[in-house]
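Biologist: Before we rely on this model for anything, could you take me through it one question at a time?

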Amino acid sequence: MSATADHAETSPAVRLGFQPEQVVQEIGYDDDVDQELREAIEQVIGSDLVDEDYDDVADAVVLWFRDEDGDLTDVLVDATTYIEEGGSILLLTPKTGRDGYVEPSDVSEAATTAGLSASKSVSVGKDWSGSRLVTPKAAKSKK
């Protein structure tokens, strides 16, 4: 097995479900984001992440959210308008003890209110935790 194939299998982007040729929109980018994760996602999808000004539908959204960024429910509802039916939102929040930390109960409540289901939570770097959120239609279609 080559080092490249081994890297692809262990890439956080692959574990998070990103696939080649997906259009992935990034929301909430700032200086504090995890550049290694961004690069891993771009490597898997084979293109750059599109920004908040992208005016078409994306396959997935990467949402960087900090406690001071406003109302999480509103941000999630807005993010669902950018994704294809069956698409997912990777919600990234600072880990415990980091500036901008968001309580897991707040994430769960906001996701439920926005009509999303959390399918998995993962550690995606030294400063960020991720929750993969899916629309109910996407969750039901996997039965």
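Biologist: To begin with the chain as a whole, what percentage of its 143 residues is buried?

Modeller: Please keep in mind that this is a predicted model, so each value given here is computed from its atoms. A residue counts as buried when its relative accessible area is under 20%. Of the 143 residues in the chain, the buried ones make up 41%.

Biologist: In what pattern do the helices and strands follow one another along the sequence?

Modeller: The chain has six helices and five strands. Among the contacts with a separation of 6 or more, 73% join residues 24 or more positions apart. Read along the sequence, the elements follow the pattern α-α-β-α-β-α-β-α-β-β-α.

Biologist: Which element has the lowest mean pLDDT?

Modeller: The chain averages a pLDDT of 87, and 87% of the residues score at least 70. Over residues 1–8, however, the pLDDT is below 50, and this stretch has four contacts beyond near neighbours in sequence; over residues 138–143 the pLDDT likewise stays under 50, with three contacts beyond four places in sequence. Among the elements, strand β1 (residues 24–27) has the highest mean pLDDT, 97, while the lowest, 49, belongs to helix α1 (residues 3–10).

Biologist: What geometry does the aromatic pair formed by Trp 64 and Trp 128 have?

Modeller: A search of the whole structure finds one aromatic pair. The ring centres of Trp 64 and Trp 128 are 4.8 Å apart, and their planes stand at 75 degrees. Since planes over 60 degrees apart meet the cut-off for that class, the pair is edge-to-face.

Biologist: How many residues apart in sequence are the parts that this pair ties together?

Modeller: Trp 64 is buried, at 1% relative accessibility, and Trp 128 is buried too, with a relative accessible area of 3%. Trp 64 belongs to strand β2 (residues 58–64) and Trp 128 to strand β5 (residues 128–134), so the parts tied together are 64 residues apart in sequence.

Biologist: Which elements give two or more residues to the lining of the largest cavity?

Modeller: The search of the whole structure finds one cavity of 30 Å³ or more, and the space in the largest cavity is about 30 Å³. Its lining consists of Leu 16, Phe 18, Ala 60, Val 61, Ser 88, Leu 90 and Arg 132, which divide into five nonpolar residues, one polar and one charged. The elements that give two or more residues to this lining are β2 and β3 (83–94).

Biologist: Is Glu 21 buried or exposed?

Modeller: Glu 21 sits in the loop between α2 (12–15) and β1. Its phi is near 70 degrees, which is a positive value in a residue other than glycine. With a relative accessibility of 73%, where the cut-off is over 50%, Glu 21 counts as exposed.

Biologist: What distance separates the C-alpha atoms of Asp 56 and Glu 84?

Modeller: Asp 56 is found in the loop between α3 (35–45) and β2, and at 47% relative accessibility Asp 56 counts as partly exposed. Asp 56 and Glu 84 are 28 residues apart along the chain, and the separation of their C-alpha atoms is 9.5 Å.

Terms used. Residues are numbered from 1 along each chain as its sequence is written. This is a predicted model: local features need pLDDT of at least 70, side-chain atom pairs count only at pLDDT 80 or more; totals for chains, interfaces and linings use all residues. Side-chain values use heavy atoms; hydrogens and water are left out. Rings of Phe, Tyr and Trp (its six-membered ring) pair if their centres lie within 6.5 Å; planes under 30 degrees apart count as stacked, over 60 as edge-to-face and the rest as tilted. Helices (H or I, at least four residues) and strands (E, at least two) are DSSP runs, numbered from the N terminus. Buried means under 20% relative accessible area, exposed over 50%, partly exposed in between (1.4 Å probe, protein chains only). pLDDT is the predictor's confidence in each residue, from 0 to 100. Contact means heavy atoms within 4.5 Å. On a 1 Å grid over the protein atoms alone, a cavity is a set of points where a 1.4 Å probe fits but cannot get out, and a pocket is an open set with protein on both sides within 12 Å along at least five of seven lines; lining residues have an atom within 4 Å of a point. Grid points are joined across faces, edges and corners, and a volume is the space filled by probe spheres set on the points. Ala, Val, Leu, Ile, Met, Phe, Trp, Tyr, Cys and Pro count as nonpolar, Asp, Glu, Lys and Arg as charged, and the others, Gly among them, as polar.
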